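Work through the exercises below with the structure open beside you. Try each task before reading its solution.

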Amino acid sequence: MNVLDLYQQAGAYHEGHFLLASGRHSPKFLQSTTLLQHPHLTEQIGQALAQRLKETGVHADLLIGPAMGGVVLAYETARHYGTRAIFAEKDGHGGMKIREAFTINPGETFIAVEDVLTTGGSVLKAVRAAEAAGGHCAAIACIVDRRPVEGDLEGYPLVSLTRLVFDTYAPDEVPAWLAAIPLQEI
């Protein structure tokens, strides 16, 4: 599966000047909500991610995604992985919480699912919320790993469908050629 082709097919791959959720600037952006609005593409992604998790031997009782972007992805991946899916939502204090309707039993294992991983901030907030509820993180899974360095994320095994490393810049390091392009906040 060529993940970038799926993003392009959905009109979800953009070039320009973007302010990412991480606070970094990038000349390229993947808009997963545009991709995941198409059930046939979402099914392909969820099936591929579930298969990759199974191939790596990761076992979990449930999948969790950070709201809002990870909700559909966690559900579709769980459907193919064969388990239930829940989500973590913002707690109003900079972190995330588990919705009252969801239960994580002490010792249950989970996989945290994210669309595009740039710094891992959102998915790690979901991990912390699920751990605070008594769960144990078996792995983190994503469609695209954008981090410049491969490997685990803060000690958690990371499984991705692909790595696409686009240049990103801190606000005070944006090159002149990129600064000349109008900034789009996403």
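## Exercises on a predicted model

This is a predicted model, in which local features need pLDDT of at least 70, side-chain atom pairs count only at pLDDT 80 or more, and totals for chains, interfaces and linings use all residues. Residues are numbered from 1 along each chain as its sequence is written, and side-chain values use heavy atoms, with hydrogens and water left out.

### Exercise 1: Salt bridges of Arg-79

Task: Find the salt bridge between Arg-79 and Glu-43, then the one between Arg-79 and Glu-76. State where the residues of each pair sit.

Solution. 

Step 1. A salt bridge is a side-chain nitrogen of Lys or Arg within 4 Å of a carboxyl oxygen of Asp or Glu. The whole structure holds 8 salt bridges.

Step 2. Take Arg-79 and Glu-43. Their closest N and O atoms are 3.3 Å apart. Arg-79 lies in helix H4 (residues 69–81) and Glu-43 in helix H3 (residues 39–55), so the pair links distant parts of the chain, 36 residues apart. Helices (H or I, at least four residues) and strands (E, at least two) are DSSP runs, numbered from the N terminus.

Step 3. Take Arg-79 and Glu-76. Here N to O is 2.6 Å. The two residues are 3 apart in helix H4, which means a separation of about one helical turn.

Step 4. Buried means under 20% relative accessible area, exposed over 50%, and partly exposed in between (1.4 Å probe, protein chains only). Arg-79 has 44% relative accessibility, so Arg-79 is partly exposed. Glu-43 has 34%, so Glu-43 is partly exposed too. Glu-76 has 9%, so Glu-76 is buried.

### Exercise 2: A bridge from loop to helix

Task: Which parts of the chain does the pair Glu-154 and Arg-128 link?

Solution. 

Step 1. Confirm the bridge. Glu-154 and Arg-128 form a salt bridge with their closest N and O atoms 3.3 Å apart.

Step 2. Glu-154 sits in the loop between strand E7 (136–145) and strand E8 (158–163). Arg-128 sits in helix H5 (residues 121–132).

Step 3. Glu-154 is exposed at 58%. Arg-128 is partly exposed at 44%.

Step 4. Look for a network. Salt bridges also link Asp-145, Arg-147, Glu-150 and Arg-163.

### Exercise 3: Helix H5

Task: Then say what its buried residues pack against.

Solution. 

Step 1. List the buried residues. They are Val-123, Leu-124, Ala-126, Val-127, Ala-129 and Ala-130.

Step 2. Find the partners. The buried residues of H5 pack against strand E3 (62–66), E4, E5, E6 and E7.

Step 3. Look just after H5. Gly-134 takes a positive phi of about 110° there.

### Exercise 4: Aromatic pairs

Task: How are the rings of Tyr-13 and Phe-166 arranged, and how are those of Phe-87 and Phe-102?

Solution. 

Step 1. Set the cut-offs. Rings of Phe, Tyr and Trp (its six-membered ring) pair if their centres lie within 6.5 Å; planes under 30 degrees apart are stacked, over 60 edge-to-face and the rest tilted. The whole structure has 3 aromatic pairs.

Step 2. Tyr-13 and Phe-166 are tilted: 6.2 Å centre to centre, 55° between the planes. Tyr-13 is in strand E1 (residues 13–19) and Phe-166 in the loop between E8 and helix H6 (176–179), so the pair ties together parts 153 residues apart in sequence. Both residues, Tyr-13 and Phe-166, are buried.

Step 3. Phe-87 and Phe-102 are edge-to-face: 5.1 Å centre to centre, 80° between the planes. Phe-87 lies in strand E4 (residues 84–90), and Phe-102 in the loop between strand E5 (96–98) and strand E6 (109–117). Phe-87 is buried at 17%, whereas Phe-102 is partly exposed at 24%.

### Exercise 5: His-17

Task: Is His-17 buried or exposed? Which backbone oxygens lie by its side chain?

Solution. 

Step 1. His-17 is in strand E1. At 4% relative accessibility, His-17 is buried.

Step 2. A polar atom of the His-17 side chain lies 3.0 Å from the backbone oxygen of Leu-178. For the backbone oxygen of Ile-181, the distance to a polar atom of that side chain is 2.9 Å.

Note on methods: Contact = heavy atoms within 4.5 Å. Polar contact = N/O pair within 3.5 Å; in protein donor to acceptor, adjacent residues only side chain to side chain.
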